[in-house]
Amino acid sequence: QVQLVESGGDSVQAGGSLRLSCVVSGPTRSSKCMGWFRQAPGKEREGVASLYIGGGNPYYADSAKGRFTISHDNEKNTVALQMNNLKPEDTAIYYCAAAPPVPFVRVCGILPSSYDYWGQGTQVTVSS
């Protein structure tokens with residue numbers, strides 16, 4: 001059973017930066033795909049970024065391109081989301097999620113339904 005624990009959420013001013021972290025434990029094969037998602041009040045959960053652990057290219061939602069970076073620390077087995085130039089519309093609960101890979105594919109998508117394991121979420125609030 002994969003367990004995910006997020007941290008790093010906070011309240012910041014627009015234009016600021018935050019770094020979210022997700023500690024991953026459990027079977028590594030079940031967490032080959034790692035993703036960050038967010039859910040704002042009254043909205044559906046949406047994908048922000050994903051990464052195939054072990055050599056795949058990251059994938060970003062249009063809203064995250066150029067501002068967010070997903071990365072993996074192999075030693076600590078953590079997945080981070082560096083968020084720069086934050087905007088009020090980035091305000092949401094951010095979730096880390098994990099899934100096994102699709103056979104023969106080294107890219108992970110950002111559809112929430114594709115992910116099996118979820119953390120408890122961390123709140124990010126961006127004020128204007």
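I began with Phe37, which counts as buried because its relative accessibility is 0% (buried means under 20% relative accessible area, exposed over 50%, partly exposed in between, with a 1.4 Å probe and protein chains only). I kept in mind that this is a predicted model, in which local features need pLDDT of at least 70, side-chain atom pairs count only at pLDDT 80 or more, and totals for chains, interfaces and linings use all residues. Residues are numbered from 1 along each chain as its sequence is written, and side-chain values use heavy atoms, with hydrogens and water left out.

Next I looked up ring pairs, taking rings of Phe, Tyr and Trp (its six-membered ring) as paired if their centres lie within 6.5 Å, and calling planes under 30 degrees apart stacked, over 60 edge-to-face and the rest tilted. I found 3 aromatic pairs by this rule. Phe37 and Trp118 make a tilted one, with 4.9 Å from centre to centre and 55° between the planes. Phe37 belongs to strand β4 (residues 33-39) and Trp118 to strand β10 (residues 117-118), 81 residues apart, where strands (E, at least two residues) are DSSP runs numbered from the N terminus.

I noted Trp118 as partly exposed, at 28% relative accessible area. Tyr95 and Trp118 form an edge-to-face pair, 6.4 Å centre to centre with 80° between the planes. I then recorded that Phe37, Tyr95, Tyr115 and Trp118 form one aromatic cluster.

Finally I turned to Arg45, whose charged end sits over the ring of Tyr95, 3.8 Å from its centre (for Arg, CZ is within 6 Å of the ring centre and within 35 degrees of the ring normal). Arg45 also lies over the face of Trp118, 4.7 Å from the ring centre.

Definitions and conventions: Helices (H or I, at least four residues) and strands (E, at least two) are DSSP runs, numbered from the N terminus.
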